[in-house]
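Please look through the structure below alongside its sequence. The text that follows goes from a pair of charged residues to the strands around them, and then to one helix and the chain as a whole.

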Amino acid sequence: MKNNFLLIAMLAITCCFGQTKKAISNPKKVSKAVEVKEIPYEERINYIKGDPDNVATLAVESAPIIREEDINTIYNTAGIEVKPEFPGGIEKLITFLSRNFIYTDEMKEAELKGRIFVTFVVERDGSLTDIKVLRGLGFGTVVEAIQLFKKMPKWLPGEQNGKKVRCSYSFTITIDATKQ
């Protein structure tokens, strides 16, 4: 009886005070980071060769931390403070697309008209990654749309809390091969 009571008491305490895998960190907690100074190439080579006296010391400073999960987080454009933008705005983006979209002979013969739905991620440096065509029109439109977004200039990245962040973006390309 005593053993059962102790077992039940231990289970109750474990359930009440035990941690779960779903523990969430405090979002209001401000972390401090270590600022790492650039070590010249020659000094790195000397360190590798076994001369640690020639290596620059690392300075510990108070700076906002960029956590690993913040670096990899992809924000949605709907809930972000500063949305990513093509250099020059939407008008320049439309101009870029209309000047650079290449209509193949197949597209012209089929008198292709319609919309191509594209999603991509604007990285913190403005480059575009993870380019996907959600819906194409056939006749090589998927390949052409992906190539078009790959050769775009870097965008102005999105920002959240004063930091540049990765952000998903969706865009629709409207094509009309009858006008070509």
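In this predicted model, R166 has a relative accessibility of 17% and therefore counts as buried, the cut-off being under 20%. Its salt-bridge partner is E123, with the closest N and O atoms 2.8 Å apart. The two residues belong to distant parts of the chain: R166 sits in strand β5, whereas E123 lies in the loop between β2 (113–122) and β3 (128–135), and 43 residues separate them. E123 has a relative accessibility of 15%, so E123 also counts as buried.

The structure holds three salt bridges. Another of them is formed by the side chains of D125 and K154, at 3.5 Å from N to O. This pair, too, links distant parts of the chain, with D125 in the loop between β2 and β3 and K154 in the loop between α6 and β4 (158–160), 29 residues apart. D125 has a relative accessibility of 44%, which places D125 among the partly exposed residues.

The side chains of D130 and K132 also meet in a salt bridge, at 3.7 Å from N to O. D130 is partly exposed, with a relative accessible area of 43%. K132 is likewise partly exposed, with a relative accessible area of 43%.

The strands named so far can now be put together. How do β2 and β5 pair, and over how many bridges? The pairing is antiparallel and runs over 10 bridges. Within it, T119 has S170 of β5 as its bridge partner. β2 also pairs with β3 in the antiparallel sense, here over five bridges. In this second pairing F117 stands opposite R135 of β3. The hairpin of β2 and β3 has five residues between the strands, and G126 takes a positive phi near 95° there.

Helix α4 is the next element to consider. Which residues of α4 (residues 90–100) are buried? They are L93, F96 and L97. Seen down the axis of α4, these buried residues fall within an arc of 95°, so they line one face of the helix. The spacing follows from helix geometry: an α-helix has 3.6 residues a turn, so residues three or four places apart point the same way. On the face of α4 turned away from the buried side are the exposed residues E91, K92, S98 and R99. The cover over the buried residues of α4 includes α6 (141–150) and β5 (163–176).

The last step is the chain as a whole. The protein chain has six helices and five strands. Read from the N terminus, the order of its elements is α-α-α-β-α-α-β-β-α-β-β. Of the 180 residues in the chain, 25% count as buried. The accessible surface comes to about 13400 Å², and 55% of that surface belongs to carbon and sulfur atoms. Among contacts between residues at least 6 apart in sequence, 74% join residues at least 24 apart.

Note on methods:
Residues are numbered from 1 along each chain as its sequence is written. This is a predicted model: local features need pLDDT of at least 70, side-chain atom pairs count only at pLDDT 80 or more; totals for chains, interfaces and linings use all residues. Side-chain values use heavy atoms; hydrogens and water are left out. Buried means under 20% relative accessible area, exposed over 50%, partly exposed in between (1.4 Å probe, protein chains only). Helices (H or I, at least four residues) and strands (E, at least two) are DSSP runs, numbered from the N terminus. The arc is that of the directions from the helix axis to the C-beta atoms. Contact means heavy atoms within 4.5 Å. Accessible areas come from the Shrake-Rupley method with a 1.4 Å probe; for residues, only the protein chains shown count as cover. A salt bridge is a side-chain nitrogen of Lys or Arg within 4 Å of a carboxyl oxygen of Asp or Glu. Two strands pair if DSSP finds at least two bridges between them.
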